[in-house]
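This report walks through one protein model, helix by helix and charge by charge. Have the sequence and the 3D view ready.

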Amino acid sequence: MNRKELLRSLKFLLFSLSAGIIELGAFSLLNELTAWNYWPCYLIALTLSVLWNFTLNRRYTFQSASNVPKAMALVFAFYCVFTPLSTWLGHCLADGLGWNEYLVTGINMIANFVLEFLYDRFVVFRDSLDTNSVARKGKK
């Protein structure tokens, strides 16, 4: 792995950690302060973290000047698959088998981190890496 891709991976990790804090915070508030089942708490928290993560990673990690609606549509497509599967898995594990909700959320977050990085890098931003104003400033 070259230096640029290692740096890109580290940025994605740091922004994902910040998104994880948002997701875990929102999930914790909803899980502790409402009588809701696992899945609505997870879905709301996931949505908040995805919006945060997409915004920061598009600008700073992938430094993409690509069409924002197109990039968002591709990320939306990812979550059209990931969200139902992870919600169903979380429901089965937490509500069905009695696993700890925080452990299940952590498993989902790790899967999301790995899969989304690969999808963003090789699908969403594949042809527009390092094309925005942040990338241009870094080349001077």
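## A leucine on the outside

Leucine 14 is exposed, with a relative accessible area of 56%. Leucine 14 sits in helix α1. Helices (H or I, at least four residues) and strands (E, at least two) are DSSP runs, numbered from the N terminus.

Leucine 14 belongs to a nonpolar surface patch with Leu6, Leu10, Leu13 and Leu17. Together these residues have about 450 Å² of accessible area. Such areas come from the Shrake-Rupley method with a 1.4 Å probe, and for residues only the protein chains shown count as cover. A patch takes residues with over 30% relative accessible area and no salt bridge; like charges are joined within 9 Å, and nonpolar side chains (Val, Leu, Ile, Met, Phe, Trp, Tyr) within 5 Å.

## About the model

This is a predicted model: local features need pLDDT of at least 70, side-chain atom pairs count only at pLDDT 80 or more, and totals for chains, interfaces and linings use all residues. Residues are numbered from 1 along each chain as its sequence is written, and side-chain values use heavy atoms, leaving out hydrogens and water.

## The whole protein

The protein has five helices and zero strands. Its C-alpha atoms fill a box of roughly 55 × 25 × 25 Å along the principal axes. Of the 140 residues, 41% are buried. The protein exposes about 8,100 Å², and carbon and sulfur atoms supply 71% of that area.

## Helix α1 and its cover

Helix α1 has 31 residues. From first C-alpha to last it reaches 45 Å, close to the 45 Å expected at 1.5 Å a residue. That expected span is 1.5 Å times one less than the number of residues.

The buried residues of α1 include Phe12, Phe15, Ser16 and Ala19. Among the elements that cover the buried residues of α1 are α2 (38-61) and α4. Asparagine 53 touches Phe12, Phe15, Ser16, Ala19 and Glu116, leaving aside residues up to four places away in sequence. Contact means heavy atoms within 4.5 Å.

## Salt bridges

Side chains of opposite charge can pair when their charged atoms come close. A salt bridge is a side-chain nitrogen of Lys or Arg within 4 Å of a carboxyl oxygen of Asp or Glu. How many salt bridges does a search of the whole structure find? It finds five.

Lysine 4 pairs with aspartate 130, with the closest N and O atoms 3.7 Å apart. This pair links distant parts of the chain: lysine 4 is in α1 (residues 3-33), and aspartate 130 is in the loop between α4 (101-124) and α5 (133-139), 126 residues apart. Lysine 4 is partly exposed at 45%, whereas aspartate 130 is buried at 14%. Aspartate 130 also meets arginine 8 in a salt bridge (3.0 Å, N to O). Arginine 8 lies in α1 and aspartate 130 in the α4–α5 loop, so the pair ties together parts 122 residues apart in sequence. Arginine 8 is buried, at 3%. Salt bridges link Lys4, Glu5, Arg8, Arg121 and Asp130 in a network.

Another salt bridge joins aspartate 127 and arginine 126 (3.4 Å, N to O). Aspartate 127 is exposed at 66%, and arginine 126 is partly exposed at 48%.

Definitions and conventions:
Buried < 20%, exposed > 50% of the residue type's maximum accessible area, 1.4 Å probe, protein only.
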